[in-house]
Structure formats: structure tokens, C-alpha cells
Amino acid sequence: MASVETAAEHERILREIESTDTNCIGPTLRSVYDGQEHGLFMEKLDARIRNHDREIEKMCNHHFQGFVDSITELLKVRGEAQKLKSQVTETNRRLQDDGKDLMSSMEELKQCRVQQRNIATTIDKLTHCLPVLEMYSRLQEQMKARRYYPALRTLEQLEQTCLPRAGQYRFCSIMAENIPKLRTQIRDTAMTQLRDFLESIRKHSDKIGETAIRQAQLQRSLDSSVSPQPRALIGRRSRREAAVGTESDGQGGSPSSEQDSGVLDVDEEEEDEVPGAQDLVDFSPVYRCLHIYTVLGLRDVFENYYRKQRRKQARLVLQPHSNMHETLEGYRRYFNQIVGFFVVEDHVLHTTQGLVNRAYVEELWELALSKIIAALRTHSSYCDDPDLVLDLKNLIVLFADTLQGYGFPVSQLFDMLLEMREQYGEILLKRWNITFRQVLDQDNYSPIPVSTEDEFRHYTSQFPLQDPELEKLPFPKKLPFSEFVPKVYCQLKEFIYACLKYSEDLHLSSTEVDDMIRKSTNLLLTRTLSHCLQYGIKKKNVGLAELVQVIINTTHLEQSCHFLEEFISNITNVPPDTVNATKLYGTSTFKDARHAAEAEIYTSLNAKIDQFLQLADYDWMAAVQGGGALTASDYLIDLIAFLKSTFSVFTNLPGKVAQTACMSACKHISTSLMQLLLDPELRQVSMGALQQLNADVQECEGFARAGPVAGFQGDTLLLAFSDLRQLLDLFTQWDWSTYLADYGKPTCKYLRVNPHTALALLEKMRETSRKNNVFAQFRKTDRDRQKLIDTVIKQLRNLIAQHHA
């Protein structure tokens, strides 16, 4: 059984050797040598080889003739093959010779193909790299030209688009590393330009504001000749048109102007057109910086920085110079800077999207308005020149109109101007007080002589004189008033014009202007002019003639008050009979002044009389003189002469004034003589002294009867001396029985003699009689007279006692 299996295994190995490639026969042979039947296998292998040899031999025998035939044919073919070989060799040689050029061309073609492939690869790479290089070159040019916003756009495109396409190259890595640095450089440079811009507009805000105010002033002048839109609309439209152009430039990636000065040069010699304030400023640094920070995602940082810096600048602009109040130029420079500041802010508000908003600008304006008003109140209070105040008011109005044209509320400024109106009125009153006093001091207090029609018309054009009788008189003639009247009337009109000038452009109604002017004029009349007239009346060295002229002057000024009313109505276009219209107090003012002058005349006249009376030197112990009548005292004769000359000047005075002055003078003389007689220090009075006093009173009565002033009825003027006359008659006639009998009756002859007065004078005479009796006590006549005096005194005392009871 084992030999069968071994035989089968050997058979299988042989078949495997026969069918297997000799390269793989190793494992088969190894299995034979590993086995124990190596000899047996070798025998079978030899047997198998012999079998194959036999088969080969049979095959060769079978095919030998064919082989011989084939060899024979092959020998025949060898000759032909030699020929063919030589032909092929020749052909090959020729082909080789011919193929050398082809091979050279082929090599060249191969090199060209390689070059073409390299070129195509290079072109492809350059196609991605060149845009990077070009863009980087453009970036460098933009940075060099300081066109930072386009540079930032280029940088963004380079980073996001071009570099990723270019691939991993060293120069690309360097560029990528430089991009953050370039961004920082652009941001810092833009911020530097913004700071330069802010500093520039801070320095040039004066020029910007001046241009804006001049533009507003030009618009105001145009308003009177055409029918324009409201200034605010026109200003807004021009700004919006400018804003559209600016925004289109700024947001298009390349602002039209890359200058960084902030303020552009404008030819000031061109008078045809006033440039807009926004035309003076190059806002490109703001727009550029805003766009740059927006692209960088730092818009909030930029907005906060811009607003903070502008707030600081606002505080600087709103801080006035300490000497601003000294000149109008100081105020103008202050207003120009403020207008320039807010013109810039308004333009930024309307040409940027959210850099500043309306709330921020309104907040700044509220702050500015409060500080402006406070500064103006403080500095204007130092001003005492009405012309400067008026110029300041016009400047404030122009300032307010300019900012109102840009949409800022300015009602508080006009309210402050109304407050300043009170201050302006006070300053005007002070100036006119000086003017009136100068007119008073320079007046000659004499009627104005006119010798020609031109002179007459000159004065009547200055003062509304309504006197037909005077106009009929031939030249030369005299106007009743002095130079004071036309000058004061002209000054009143000038004051009214000054008040009207301040009221212009304050947006007040005609009624309000009329009321304001009338109230101010009333203050001028009742306070300033009244005080000046009192000053002129009360000052020293004012004679009666001057006082008389003052009364005449004030009378004419009083009559002209209704002309002032008409004058105010004409310039304000408000009828004088308007309801609630303020009336002028000129009539009462001039009446008061006239009354003061009249009182001063009376006082001065009495003072002059007192000066004469001080010269009186009565001999109160004079003896009774027999014979002819006594003559009046010298001082009294001089006094009467003075009164006659004085009252001759009173012919131009109103009748009542002259009559009152004359009556007052006579009463003062009478009262003064009575006081001389009843002076407590005068202890004794003789009958001779009473006779002399009686002669003086007779002289006064003669003056009164002569009628020094027209208008008295009958002996009215004599009543001034009636008290003294009746007293002297009582003593000189020694008519005591009549006095005592008729006392208290309406028909009493000595009705004006007071018993107290009679008693006092009688006691003085008793003292005189007693003194004389010391030396003549044995004369019966004197003793009887003494007894009579004592009896009368006793009776008078009883009469007084009964009267009191």
C-alpha cells in the first residue's frame, strides 16, 4: 500500500516537473530529497527520460527528410540573404545618414516642447502672481501719493483675492506679513491727517465764519430786491448739492481732493460771487479717515474721537478774550469763530452718514448758546458807547441770521437783544444827558435873531414853529425861543432815530417797535431832559432873564409834543390813536420844568429883594418930623427901580407867570417889612420910624398902582400891602377907638390887623415911651401918652382874651 502511494507521489512529481517552469522546480526537487525514496525516484526519472528520448528519436526520424530539405532550401536562401543583408546594410547606412538631421530636428522639437511646457507653466504661474505684484505696486503708489482710502481698498483686495490665488511663494509670505503693518500705517496716517485738519479748521474758523456771515449778509441784501426762498432753504440746498458731490467722491474710493491743509485757498479779489463757507474747507481728511476706520471696523472709535476733539475745540472757541468788549472787532472775531465751528459741524452732519448726528449738534449748540449769552451779557455790560452797542446788536443779528440759515434755533439770542435794549437805552440816556447839558451850557438864553428868509426857514425846519403873526413880521425879527429849543427838538428826534435803529431786524411788529420807542422817549423826557432842565434852572449864576427864557423855551417845547407823537407814528407806521398806544409824557415834563423855572424866578426874585432889604437901615428911635412929607428910603427906591426893569423883561412870559411873579414880589416886600417891624430883637419903635416905614410903603403902593405887569384888575396888586398898610394907618392915625369898636366886623376898617401884631408893636412903642419918660417924666403930654398906650394895651389883651374865649 505504501509502495502504491509512493509510486503515485513520484508520478505526480514527474508530471509537475514536466509541466512546471524550470525556475519553479526547486521546491519540487526539495520535496524529493526530503523524502526517503530518493533512489526509487531516480530510477523512475531515468525511465521517464528514456521514454522521452525514444519519442524524440521517433519524431526526428519522422521529420528528418523534411529537415534535409529545409537545410537545402536554407543554403539556397543564404546567398540571397547575403545580398539582402548587403542591401539592408546599405539601406540602413543611408537611412542612418538621412536620420541624423531628423534626429537633430527631433531633439530640437523635444527641447521646444519642453520649453513650451515650461512657458505655459510659467505663464500660468505669472497669471496668478502678476496681479499680486501689480496690486502691490499700485498699493505702494497709493501710499506714496497718500491716497490711503484707495490703498486700503487695494490692500483688502490683495489680501482676500490675489494672494490666495498666487500660491505659496516667499514674496507672497512677505506681503502677507506686511499687510497688518500697512493697515496700521494707513490708520495712523489718516488719524494724523485728521488731527492736522482739526487743528487747521480751529485756526481758520475765523475765516470760515467770516465767509459764512458775509454770505448771509449778501443773501439779506438780495432778499430786499427779489422774492427768494427762505434763507434756510437756500443754504440747505447749496449744502446738500455740495454734499452729494463730496459723498460721491468719498465713497467712490477716491476722494476728489487729497489735500490735507483743511482750508483751501480762495482768491479774495473775486467780488462777483462770495464762495460758500463749505467751499473754503477741504473735508477730504474727514471723509478719508471715516472711510478708513469704517473699513477697518473701527468706526465707533473714530466717531468718539472726532466728537471728543470737537467738543474740546468748542470750549476753546466759546471762551471769549478778556478784552473782547473794547472793540467791535473783538466781538466780530468771536462770532466768526463760532459760526465757522458750527458751519463745519453742519456740513459734516449733512455729508457723512452718522459721524455726527442731530442730537450731538443740538447738544453742542445748546452749550454754545448758554455760553454765548453769558459772555455777551458780561462783556456788553462794560460798554458805555451806544454806537458800539448798536454795532454789536447788528453783528449779533447777522450772527443769529447766519446760524438760523443753517437750521440752528436762535430765539434766545433775540431775547437777549431785547434785554440789551434796556442797557442800550440807559447808555443813550447817559449820552443824551451830556448832550442836553452841553446844549444848556452853550445856550445864550436870548431869542434867536433872524435877518433873512433862509435863516427863518432853517430854524423852522429844525423846530415846528406855528406862529402866523411872527411870519408876517418883516425882517429882521426874533424868534421867541433861544437856540436851546431847536437843538433839543433835533436831539429828541435823533434819540428816536437811535432807538429805531436798535429795533430794526429784531423781528418785532410795528406796534412793539412803536411802544418800545415811546417808552424810551418817555424815559428821556421824564428823567434825562427833566433832570437837565432842573440842572439848568438850579445852577448858579442863572439870572431872571435866563429863567424867563427857560419858561418861554419849555412852553414852545410843550407845544411841540404832538409833533413828536406824529413823528414817531410816521417812522413806525402806527397811528397815534391806536388802542393801548403809549402816550408821550413831554407835556408834563415841560410843564414841570416850567413850574420849576417859575418857582425859581419867584425864589430868585425874592432873594434879590432880600439883598436890597439887607441894605435897609431904619432908625427905629427916630423922632417925629413935622412939616413936609417924608421921602422913601434909598434902598427902597433902588429896589423899585430894579423891579421895574425886571418886570419889563417879563413881557414875553405867559400873563399868569408875570402876574404871579409880581404879586409874589410885592407880598415878599410886604412880609419882609412886616418882619423887620416885628423882629423880636427889635425892642423899641418910635412913631418917627413908623412914619418913615409908612413913606416906604407908600412908595411900594405907588409901584403897585403903576401896573408893572399887565393883567391885574383894579388895585389887586395893592392887596399885597394891605396888611402893612392897615397896621401903619392904625398907628400913624392912632385910630384905636375905631379898631377896638369894629373888630370882628366884616366892614372893619382895619380888618387885616391882627390884635397880636398890634399888641407886639404897641409894646415896642411903650418901651420907647418909657425910655423917653425917664428924662421927661414931668411933662404932662408924655405922661398922658404913656397912660393911653397902657390903656390900649390892656384893651387889646382883653380883646385877645375874649377872642380866645
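**Loops, helices and a cavity in a predicted model**

His507 lies in the loop between helix 15 and helix 16 (helices are DSSP runs of H or I with at least four residues and strands are runs of E with at least two, numbered from the N terminus). The structure is a predicted model, in which local features need pLDDT of at least 70 and side-chain atom pairs count only at pLDDT 80 or more, while totals for chains, interfaces and linings use all residues. Residues are numbered from 1 along each chain as its sequence is written, and side-chain values use heavy atoms, with hydrogens and water left out.

Although His507 is not a glycine, its phi is positive, at about 60 degrees. His507 is exposed, with a relative accessible area of 55% (buried means under 20%, exposed over 50% and partly exposed in between, for a 1.4 Å probe and protein chains only). Asp505 is found in the loop between helix 15 (484-503) and helix 16. Asp505, also not a glycine, has a positive phi of about 65 degrees and is partly exposed, with a relative accessible area of 37%.

Helix 16 comprises 29 residues (510-538), which at 1.5 Å a residue should span 42 Å; the end C-alpha atoms are 40 Å apart, in agreement. The expected span is 1.5 Å times one less than the number of residues. A kink of about 30 degrees in helix 16 is centred on Leu529, the bend being the angle between axes fitted to the seven residues ending at a residue and the seven starting there.

A cis peptide bond, with omega of about -5 degrees, joins Phe475 and Pro476. Pro476 is placed in the loop between helix 14 (468-472) and strand 2 (477-479).

In helix 23 (residues 722-732), nine of the eleven residues are buried, among them Arg725, Asp729 and Phe731.

Zero disulfides are present (pairs of cysteine sulfur atoms within 2.5 Å). For Cys700, the nearest cysteine sulfur is that of Cys666, 7.5 Å away. Cys700 is buried, with a relative accessible area of 1%, and Cys561 is buried at 7%.

One cavity of 30 Å³ or more is present; a cavity is a set of points on a 1 Å grid over the protein atoms alone where a 1.4 Å probe fits but cannot get out, and lining residues have an atom within 4 Å of a point. The largest cavity has a volume of about 40 Å³, volume being the space filled by probe spheres set on points joined across faces, edges and corners. Its lining includes Ile201, Arg310 and Phe341.

Definitions and conventions. On a 1 Å grid over the protein atoms alone, a cavity is a set of points where a 1.4 Å probe fits but cannot get out, and a pocket is an open set with protein on both sides within 12 Å along at least five of seven lines; lining residues have an atom within 4 Å of a point.
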